[in-house]
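Me: Hi! Could you walk me through the pockets and salt bridges in this one?

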Amino acid sequence: MTTAPMTAGPRTAASGTARAVVTGVGVLAPNGIGAEEYWSATLRGQSGIDRITRFDPSSYPSRLAGEITGFSVRDHVPSRLVPQTDRTTQFALAGSDWALADAGLSAESLPADERGVVTASASGGFEFGQRELGHLWGKDPKHVSAYMSFAWFYAVNSGQVSIRHDLRGPTGVLVTDQAGGLDAVAQARRRIRKGTPLMLTGGMDASLCPYGLAAQISAGILSESEDPTRAYLPFDAAANGHVPGEGGAILTLEDAGRARERGARVYGEIAGYAATFDPRPGSGRPSNLDGAIRVALTDAGLRPEDIAFVLADGAGEPEPDRVEAQALTAVFGPGGVPVTVPKTMTGRLYSGAAPLDLVTALFALRDGVVPPTVHVEETTGHDIDLVTGAPRPVTGDAALVLARGRGGFNSAMVVRGPSAP
């Protein structure tokens, strides 16, 4: 795990005692722009996965992705910032605007040093970097944008969001692949508990360009199916890799006491978190994913039977799926808890996936219904209760979100609904 240096934040609450609640969300997903639009599409089982349109993918073995369509950057990002930013940063800027507006906050709501930002990134500004490297190779250095010096960098989303909203409190970035989104939210929660009243957090990724797709194909874990309904099948006997996607979610986290005092609408609480690291493949040692789940539950003060449902990582590869299913069975028992992977409708969004899953979990707790894992038909060999076909009604006030990153990263986070004690 790597992180940019964190600046010292104010201590307006007793260290370690403040509760971190979600009061605002900003969502950009392949099947919906805006939180409620995404949620409605997800409950309908509407997929955003299709053949790539941002460039001609015909020469690539993997040609499907979860693309965001209908996003006009100049409608959401100041014109002066457009030439300075990659698509991923443009998503982050729009998402942060929406997350603050959804929370009923503005830049003047708190002193600048009492609000901060921690985001996650898996790829940085790949599309921006590809374009400028093309200028360097095909023309000369004079044609390379000066903004190349930072627009490609992993920390650029945190930096640009910080500047846009004058966030001068704790600031950082986490780079742990798909697990990074949970790790960033956990870091923001940590800062809330240490006294910072407000944090923007989450993750966005957008690497659906030739350079980005080539990098992902090189890992050998993308599906090569041409059928959007058979390309990404976590826990299915026909699992053959995953489909990449773009987007994610930005969340407004606040000290629960401050949120209550100002009468904020609360989606729920970030109640527990843990991260573990798996041993090297081939070492013969088992995964530590079940350990992350158990510690996250302990951190939340809950038991396995208190969890209403799980949003799984759902790698879409036989071995990682087997390991995740075994971890869930070890903690909850065979078929002991409903499990779902709604990212079968978006593709894997890398650092944006887990924050989007957090929003999904909070909305599912709010409405008492779990969205399905679309397209999956046969889960033979996995003793899990996978929600397929249609949404399923549930009761309870706590959910578990899992995220796993390449290289051995495991993260688990427990969220509780707004009515939880």
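This is a predicted model: local features need pLDDT of at least 70, side-chain atom pairs count only at pLDDT 80 or more; totals for chains, interfaces and linings use all residues.

Me: What volume does the largest pocket have?
Reply: About 1,100 Å³. A pocket here is an open set of points on a 1 Å grid over the protein atoms alone, where a 1.4 Å probe fits, with protein on both sides within 12 Å along at least five of seven lines; lining residues have an atom within 4 Å of a point. Points are joined across faces, edges and corners, and the volume is the space filled by probe spheres set on them.

Me: And which residues are closest to its centre?
Reply: P320, G405, R406, G407 and G408, out of 44 lining residues.

Me: Which element gives the largest share of that lining?
Reply: α11, with 7 residues. Elements supplying at least two residues each include α8 (210-217), α10 (289-300), α11 (318-332), β15 (398-405) and β16 (409-416). Helices (H or I, at least four residues) and strands (E, at least two) are DSSP runs, numbered from the N terminus.

Me: How does the lining divide by residue type?
Reply: There are 17 nonpolar, 15 polar and 12 charged residues in the lining of the largest pocket. Ala, Val, Leu, Ile, Met, Phe, Trp, Tyr, Cys and Pro count as nonpolar, Asp, Glu, Lys and Arg as charged, and the others, Gly among them, as polar.

Me: What about the second largest pocket, what is its volume?
Reply: That one has about 160 Å³. Of its 13 lining residues, R19, V21, A256, V266 and P418 are the closest to the centre. Helix α9 (256-261) and strand β9 (268-277) each supply at least two lining residues, and α9 gives the most, with 3. By type, the lining of the second largest pocket has 7 nonpolar, 2 polar and 4 charged residues.

Me: Switching topic: how many salt bridges are there?
Reply: The count is 22, taking a salt bridge as a side-chain nitrogen of Lys or Arg within 4 Å of a carboxyl oxygen of Asp or Glu.

Me: Which parts does the R366 to E36 pair tie together?
Reply: R366 sits in helix α12 (residues 353-367) and E36 in helix α1 (residues 35-43), so the bridge ties together parts that are 330 residues apart in sequence. Their closest N and O atoms are 3.0 Å apart. R366 is partly exposed at 37% relative accessible area, and E36 is partly exposed at 40%. The cut-offs are under 20% for buried, over 50% for exposed and in between for partly exposed (1.4 Å probe, protein chains only).

Me: Which residues are joined into one network by shared partners?
Reply: E36, R366 and D367 are, through salt bridges.

Conventions
Residues are numbered from 1 along each chain as its sequence is written. Side-chain values use heavy atoms; hydrogens and water are left out.
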